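Here is a set of questions and answers on a two-chain model. Each answer works towards the value or name asked for.

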Amino acid sequence: MAEEKRTWRLGIDVGGTNTDAVIIDGDLNLVASTKSPTTEDVMGGIKAAMHEVVSQIGLEAAANIGFAMLGTTHCTNAIVERRRLNKVAALRIGAPATTAISCMADWPEELKSAMRVRDFLVHGGHEFDGREINALIEDEIREVARVVREEGFESVAVTSVFSPVSDAHERRAVEVLRAELGEEFPISVSSEIGSLGFLERENASILNAALVDVARTTADSFEEALAAEGIVDVAVYLGQNDGTLMSVDYAKRYPIFTIACGPTNSIRGASFLTQEKDAIVVDIGGTTTDVGVLSHGFPRESMVAVEIGDVRTNFRMPDLVSVGLGGGSIVRRAEDGSVTVGPDSVGFRVTRDALVFGGDVVTATDIVAARGLAPEVGDASLVSSLDADLVERGYAEIVRIIEDAVDAMKTSAGDVKVVLVGGGSILAPEALEGASAVLRPPHFGVANAIGSAIAQVSGQIAKVFSLSETPRAQAIEESKRRACDEAIAAGADPATVEVIEVEDIPMAYLGDALCIRVKAVGDLML
Amino acid sequence: MRRFIGVDEIEDMALGATVLGAGGGGDPYVGKLMAIEAIRKYGDVELITPDEVPDDAVVVVSQMMGAPTIMVEKICSGLEPMATYDEMVKELGVEPYAIYAVEAGGVNSTIPFILGATRRIPVVDCDLMGRAFPELQMTTLGINGVKGQPAVLADEKGNTVTVRAIDDRWLERIARQATSVMGGYTILASYMCTGRQLKDFAIPGTPTLCEKIGRTLREAREMHADPIAAVLEVTRGHRLFKGKVVDVERNTDGMFVRGRAVVAGLDDDKGRELVIEFQNENIIARADGRALCTSPDLIMSLDMESGTPVTTEGLKYGARIVVVGMPCDDQWRTPEGLAVVGPRAFGYDLDYVPVEELAATEGGR
């Protein structure tokens, strides 16, 4: 019997090894879950996982599904494989500044040629204190629009000097471009994507502009796959890398924010399953372990430049450390007698290749099985003859890798709670050095898909203010309002939107400048 | 044999200069890319030794001043070095024979190569610090009575300012103010001197040493050798301490970022604690209350695994580092040198003892 309101959620998370799917009912109980190997085309694995969970509950119950969330690697893969990328016009607003380093100067040569980017430079941009370097010359921008139209560019990336301090020139440039190219033309605006650091922000904006079609086709084929399972008229969302969701329309404008949404889904899922708001989350998969930080219920962000496909960028990314440890990590003894674990792995073939499953490769899973720590995994008798010294040293190495990764994510010396999730988390011990408690919640294996399913919608703003022009209190109020507006634009119910984080960072060397970051979050519009 | 600096040499030099930056000197990324772009466009730059500069010839410094963090956002037009050079020629009435770097630091080690490539002027293999220091007058020419001025500042908009001050402290003050108005950083031509003065007072070989350090680090990584041991060999340095950063404090007052980092010992240093005090650059490293190395000797943190230099901005909790101490140039070890850059010049009531002597007593502990 279908409920009146369709409140069930289907959540899918694509990982490097497995694609996980869950269905959660209106009271947020898990009603179905599965793990399915990630396929090369990604969508095949999504369809298989979706089909499996829908089969588990049956078509009748599936009619309760009102929301479908997808956390996927499509955008990352498109960059890494250099496929399906849009033809981008990169508009730099900064002359006479910035000409010493040309656009994409530090990109890998073959990515650069695969990208089909042409760069344009116009006068404008701002100083650190908000003064203009040069006035914006609108005719120069109209000329760019003419070339874009005549030469068939599909997307524009606009980057202006110090736009995190003043986005006036970027906003005006967008107006001029829209007047020439139409309201629907995809334009990526750097101040909405990255922070201070011109080249990194320009790079992120160009990548974003190149991914517009990938986001569109991903969303479209996800909707088709849902329809094929008989799930129609559902609200569709894509996961983004702050652990929240974005509507399909929003995702088409900011596709780059889907990059690295997987680890953040795990972190959010871990929070949901344990009800913890502050902890270190260790997600152990088949090949790698991602360690992130849960801060006020959301993943902590990285403050440094992050490379995407060998390109330096500075858009917001989760603060993560990834180490080569997973259930399939290969265990070896070195000549000096020491034992290494990983970083190479048999990946999803662990259930075929590991000793405990009748294979002939010694994996991390075999080490814990030999210690009797994984009674439900495979056939323990198959590892009973493993050399005891290898087992002890291998286990010590596994624990060391996890403890070092946890420590690397701490910001101070005190002990913290650690939450273990992911299919490989059977590797981790009951206690860890530096951890006040080690929690392994139920359904830990599909925490990422659960995180995808239960995610909220967020809006975020990071802007530099000059305190002599805008008093601090006013700057914070303005930022809060804009963050809430962003959340609503992304699909949040206005009645539930609240500011969850306000951070102000004085900028070294920049006089009275203050960078304010605000994040607002709300529930899905039901 | 004539020697030319191309793209690969710049890559190594920028990395090595960060090691000699002693924690300061800024991120080498933007400076490196600017030099590389000029070299790609105009060709490699000849590097000559101070001995090759005639005694009566004139040379000038090409450098950046102000906030490296602003340069990361507002990148140069690339024409500033030439604008300062042309104004300097007007001011001096002669064409300089060559240009050179003021310091070894992330940004300033590569800036001269923009001008060198564009105008086909050789760069002299020397500098005036042998490391990075925070202020314009902290140079080996300065302690020998050679003035940093006249100095010409240029911004990317085309503005230039020529400063003739009564002394280098005033030059520093005036240039800082002008730099702020001009947009947070400027490119300078400064420290005009003769070939004779360069031979007598400059520190020879610093750019080559930077390149060598960078190359050593790169090759050690490629061959999976110990990168830190390799760096120590090239710099005659000492391994001071191995540990994990457990606390970092920072305060910004005007142009300085002052602070301290606490490092908890690992392996041989387990149970001990090192404190690094910094003012843009690392000034003092102390363990158990005893100084292990002080300015003007160089204190640098290197990533324990990769040997990558960690600047003071990059120090954060959990970083696993080896702290090394490297001897400074002998000119800094004179009373005149220590008056400008010794521990007391940075506000510490401490006598300077060379790092190798401290290391010897430390070893006999």
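Q: At roughly what angle do the axes of helix α8 (residues 206-222) of chain B and helix α9 (residues 227-235) of chain B cross?
A: This is a predicted model, in which local features need pLDDT of at least 70, side-chain atom pairs count only at pLDDT 80 or more, and totals for chains, interfaces and linings use all residues. Helices (H or I, at least four residues) and strands (E, at least two) are DSSP runs, numbered from the N terminus. Axes are lines fitted to C-alpha atoms, for helices over the stretch in contact, with angles from 0 to 180 degrees between N-to-C directions. The axes of α8(B) and α9(B) come within 9 Å, and they cross at roughly 155°.

Q: Is α8(B) roughly parallel or roughly antiparallel to α9(B)?
A: Angles under 35 degrees count as roughly parallel, over 145 as roughly antiparallel, 65 to 115 as roughly perpendicular and the rest as oblique. The crossing is at roughly 155°. Therefore α8(B) and α9(B) are roughly antiparallel.

Q: Which residues of α9(B) make the contact with α8(B)?
A: Two residues are in contact if their C-beta atoms, placed from the backbone, lie within 7 Å. On α8(B), the contact uses B:Lys212, B:Ile213, B:Thr216, B:Leu217, B:Ala220 and B:Arg221. On α9(B), the residues are B:Pro227, B:Ala230, B:Val231, B:Val234 and B:Thr235.

Q: How many nonpolar residues does the contact of α8(B) with α9(B) have?
A: Ala, Val, Leu, Ile, Met, Phe, Trp, Tyr, Cys and Pro count as nonpolar, Asp, Glu, Lys and Arg as charged, and the others, Gly among them, as polar. Two residues of this contact are polar and two are charged. The nonpolar count is seven.

Q: How many residues of domain 2 of chain B are in the contact with domain 1 of chain B?
A: Domain bounds come from an automatic or database domain assignment. In chain B it gives domain 1 (3-204) and domain 2 (229-363), with 26 Å between their C-alpha centres. Domain 1 of chain B brings 18 residues to the contact, and domain 2 of chain B brings 22.

Q: Which element of chain B gives the most to the side that touches chain A?
A: Residues are numbered from 1 along each chain as its sequence is written, while chains are lettered from A and ligands numbered from 1 in the order in which they are written. In the contact, 23 residues of chain B meet 26 residues of chain A. At least two residues each come from α2 (28-42), α3 (68-71) and β11 (238-253) of chain B. With three residues, the most comes from α2(B).

Q: In which strand of chain A is confidence highest?
A: Confidence is given by pLDDT, the predictor's score for each residue from 0 to 100. Chain A averages 89, and 98% of the residues score at least 70. The lowest mean, 77, belongs to strand β22 (residues 498-506) of chain A. The highest, at 98, belongs to strand β7 (residues 155-160) of chain A.

Q: Where is B:Pro150 found?
A: A cis peptide bond joins B:Gln149 and B:Pro150, with omega about 0°. B:Pro150 sits in the loop between β6 (126-127) and β7 (151-154) of chain B.

Q: Which residue does a cis peptide bond join to A:Gly342?
A: Omega of this bond is about 0°. The partner is A:Pro343.
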